[in-house]
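Reader: Please show me the model, and then let us go through its features one at a time, with the criteria stated as we go.

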Amino acid sequence: MEKINIAVDGFSSCGKSTIAKGLAKELGYTYIDSGAMYRAIALFAYRNGWMTDTDINEAELQQHVSEIEISFKANAQGQQVTYLNGENVEKEIRSLEIGNMASRVSTLGFVRRELVRQQQAMGKRKGVVMDGRDIGTVVFPDAELKIFLTASPQVRAQRRFDELQAKGIAVSYEDTLANVRERDERDTTRAESPLRKAEDAIELDNSRITIDEQLQWAIDMFNKITKKNE
């Protein structure tokens, strides 16, 4: 069977990476976390003093964005880890602060264009599952399977809060919910590649289903699409 590309889009903390990782593992495909790439750029900018909680030095970041090399490697447990210029930054990029900065840096056209270029190169050989905000609309507009995930802000905030707590990151549920809503607003209203459902995407509200049920649904959609294309 010929491999296809799978695009998974949706709101923050919707479980995009969970379903994408599960699909990739089940199908023997390559999983690419596009959100981690934006987080890595935000971390790069923050470390160099070009980004604060309120400001971005766009000129400096644009001048140096070509120096950023983002890659993914599996650790000893088989989990995918994000590397920034050869350094393992997986834990650093998962903080709420860097996540919020990533949402802001993702509004910059030159950043999106550079990462879209890298992401499209990753998908040329097919067999890729990529999750993000604009995968089905911009990165892989010709993806054979497009999934769009949604859930209520409260459900998503609770998931994100539990995830951060499990990682030992101290944050309140109220701050997490406020961050989810802020990111929703920014993601859907930005001028450059705003979050939206592709016309041919299949939508799933996963507010009240389990991870296993969600994965089985995605596998069923994959089987339906691939059989149709045979």
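Reader: Is helix 2 largely enclosed or open, and how many of its 14 residues are buried?

Author: This is a predicted model, in which local features need pLDDT of at least 70, side-chain atom pairs count only at pLDDT 80 or more, and totals for chains, interfaces and linings use all residues. Residues are numbered from 1 along each chain as its sequence is written, and side-chain values use heavy atoms, with hydrogens and water left out. Helices (H or I, at least four residues) and strands (E, at least two) are DSSP runs numbered from the N terminus, and buried means under 20% relative accessible area, exposed over 50% and partly exposed in between, with a 1.4 Å probe and protein chains only. Helix 2 is largely enclosed by the rest of the structure, because the number of its 14 residues that are buried is eleven.

Reader: What span does helix 2 reach from its first C-alpha to its last?

Author: Helix 2 covers residues 34-47, and the expected span of a helix is 1.5 Å times one less than its number of residues. For the 14 residues of helix 2 the expected value is 20 Å, and the span in the model is close to it, at 20 Å.

Reader: Which residue caps the N-terminal end of helix 2?

Author: The cap involves the backbone nitrogen of G35, from which a side-chain oxygen lies 3.1 Å away. A polar contact is a pair of N or O atoms within 3.5 Å; within protein, one must be able to donate a hydrogen and the other to accept it, and residues adjacent in sequence count only if both atoms are side-chain atoms. The residue that supplies the oxygen is D33.

Reader: How many aromatic pairs does the count come to, and what is the angle between the planes of F44 and W50?

Author: Rings of Phe, Tyr and Trp (its six-membered ring) pair if their centres lie within 6.5 Å, and planes under 30 degrees apart count as stacked, over 60 as edge-to-face and the rest as tilted. By this rule the count comes to four aromatic pairs. F44 and W50, both buried, form an edge-to-face pair at 5.7 Å centre to centre, with an angle between the planes of 65°.

Reader: In which order do the three strands of the open sheet run?

Author: Two strands pair if DSSP finds at least two bridges between them, and strand 3 and strand 4 (residues 80-84) pair in the antiparallel sense over five bridges. The edge strands, each pairing on one side only, are strand 3 (70-74) and strand 5 (87-88). The order is 3-4-5.

Reader: Over which ring does the charged end of K73 sit?

Author: A charge sits over a ring if NZ of Lys or CZ of Arg is within 6 Å of the ring centre and within 35 degrees of the ring normal. The charged end of K73 lies 4.6 Å from the centre of the ring in question, which belongs to Y83.
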